Amino acid sequence: MQRFNLFSPTKIIFGEAKIQTLPDFLPVNSNEVLIVTGKNSSKTNGALNIVQTILKDANKKIVIFDEIEPNPLTDTVDLGAKIARENSIDLVLGVGGGSPMDASKCIAMLVNNEGSIKDYIKGKKIINLALPIITIPTTAGTGSEVNQSVVISDSETKTKTGVSSECMFPQFAILDPTFTLSMPYNLTVDTGIDALTHAIEGYLSTKATLSSDKLALESIEIIKEALPQVVKNRKDISLRTQMLYSSMLGGLVISKTGTIMLHAMGYPLTTFYNIPHGRANGILLPTMLEFLKESKVEKINTLNYIFRDNIRKFLNDLGISTKLRDYGIIPEDIIKFLNNVWGRRNFAITPKVVTREDIINLYKQAI
Ligand code: NAP
Ligand code: FE
């Protein structure tokens with residue numbers, strides 16, 4: 001057996017209508033609750049209303065911060081932390097996609113640690129534990145609900161940076177697939193591909209273990225079957241449940257393995273072209289697998305077997321073009337992209353040395 005540490009402290013409450021069990025998980029001595037959410041979707045899909053009603057019935061005081069934009073900005077996170085500090089918040093709930101969940105984890109950390117999220121992006125040490133966090137996902141993609149990582153965009157440059165700390169593991173994650181039924185076609189695809197790439201990158205990471213590989217393969221196999229079906233049957237709760245389950249597995253995988261070069265190379269596509277996070281990964285996925293095929297022969301063979309040697313077709317059939325030029329990206333952008341990704345720690349856990357020339361060539365191949 002290999003050597004490893006495994007730490008996955010989030011209590012996962014999974015299944016249809018499980019949101020109704022939220023009262024069982026509210027810490028008795030937490031009374032001032034901050035709900036962190038996006039601007040619209042949690043209002044229209046009912047998640048915010050249900051959570052608010054449950055908290056009111058439990059006699060909790062509620063403050064709602066519904067300003068989180070997709071790819072949350074440092075200024076927005078800091079504003080949330082200011083509101084939390086001013087209201088003596090003692091419990092943070094993240095309700096929504098990865099963006100509100102990531103923001104909620106940062107805010108819970110910042111209440112007990114001074115300064116701006118920018119300081120921690122630059123490497124300031126987190127000294128104190130975060131407030132308790134409860135995550136309630138409404139997309140099936142990021143796995144943020146069960147891991148210790150966040151991705152925040154700088155308000156000025158829009159550059160995305162990850163921050164990771166064991167204190168940002170949520171205490172509870174309530175995964176109720178009902179909330180994902182309202183996702184439209186493209187969001188279902190984009191978030192589904194984010195989940196798929198977490199599992200694939202985790203599987204290929206140099207930090208992969210026997211147990212993370214099991215979870216990764218389970219996640220990949222379910223997504224391969226369920227995603228093409230769920231986009232056509234978006235109100236099918238059984239398919240939505242499978243997608244939420246597999247994205248949760250992806251979140252558990254990357255909490256151990258991290259994401260490798262693909263996530264890093266996808267970030268500038270979001271920063272400079274506003275391409276949704278999961279789609280950005282999907283566009284570059286076939287190019288990365290080709291690049292790594294000699295370094296991870298067995299694992300890439302397994303992936304090729306699952307996708308019948310044509311992961312590009314799998315993506316194209318879902319409506320994802322794997323050509324950068326279809327998104328308006330031109331060769332002149334490549335140096336800008338290189339400067340955005342160079343030095344990111346994702347490359348250190350990629351199972352092959354990646355040079356600056358490699359990165360340039362990979363973007364060129366995908367144009
Ligand atoms: P998101 O950015 O949270 O949300 C994207 C859009 O989907 C928003 O417009 C949102 O509306 C809407 N939406 C959310 N739930 C919906 C629903 N049930 N029905 C209809 N619309 C809905 O999307 P995401 O892909 O889940 O999260 C992406 C973010 O997570 C990125 O910043 C990415 O970098 C990060 N991420 C984090 C991790 C991690 O491990 N922590 C991993 C991967 C990605 P509203 O804005 O109105 O709510
Ligand atoms: Fe991701």
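Helices are DSSP runs of H or I with at least four residues, numbered from the N terminus. By that numbering, H10 gives the most to the lining of the largest cavity, with three residues. The model described here is predicted.

The cavity search returned one cavity of 30 Å³ or more. About 40 Å³ of space lies in the largest cavity. Its lining consists of Leu-262, Met-265, Leu-284, Thr-287, Met-288 and Leu-362. Two elements, H9 and helix H10 (277–292), each supply two or more of these residues. Rolling a probe the size of a water molecule over the atoms shows where empty space is left.

The iron ion (ligand 2) was examined next. Its protein donors are Asp-194 (OD), His-198 (NE2), His-263 (NE2) and His-277 (NE2). These donors lie 2.1 to 2.2 Å from the iron ion. Along the chain they follow the spacing D-x3-H-x64-H-x13-H. Asp-194 belongs to helix H6 (residues 185–204) and His-263 to helix H9 (residues 261–273), so the pair ties together parts that are 69 residues apart in sequence. Both Asp-194 and His-263 are buried. Ideal angles at a metal are 109.5 degrees for four tetrahedral donors. Water is not among the atoms, so sites may look incomplete.

Two asparagines in loops were also characterised. Asn-128 sits in the loop between helix H5 (117–121) and strand S5 (133–137). Asn-128 has a relative accessible area of 39%, so it is classed as partly exposed. Residues up to four places away in sequence aside, Asn-128 touches Asn-112, Asn-113 and Cys-167. The C-alpha atoms of Asn-128 and Leu-110 are separated by 9.2 Å. These two residues are 18 residues apart along the chain.

Asn-29 lies in another loop, between strand S1 (11–14) and strand S2 (32–38). The relative accessible area of Asn-29 is 62%, so this residue is exposed. The C-alpha atoms of Asn-29 and Leu-91 are separated by 9.4 Å. Along the chain, Asn-29 and Leu-91 are 62 residues apart.

Definitions and conventions
Residues numbered from 1 in each chain as written. Chains lettered and ligands numbered in written order. Predicted model: local features only at pLDDT ≥ 70, side-chain atom pairs only at ≥ 80, totals over all residues. Heavy atoms only, no water. Buried < 20%, exposed > 50% of the residue type's maximum accessible area, 1.4 Å probe, protein only. Contact = heavy atoms within 4.5 Å. Donors = N, O, S within 2.8 Å, 3.2 Å for Na, K, Ca; no water. 1 Å grid on protein atoms, 1.4 Å probe; cavity = no way out; pocket = protein on both sides within 12 Å on 5 of 7 lines; lining within 4 Å. Points joined across faces, edges and corners; volume = space filled by probe spheres on them.
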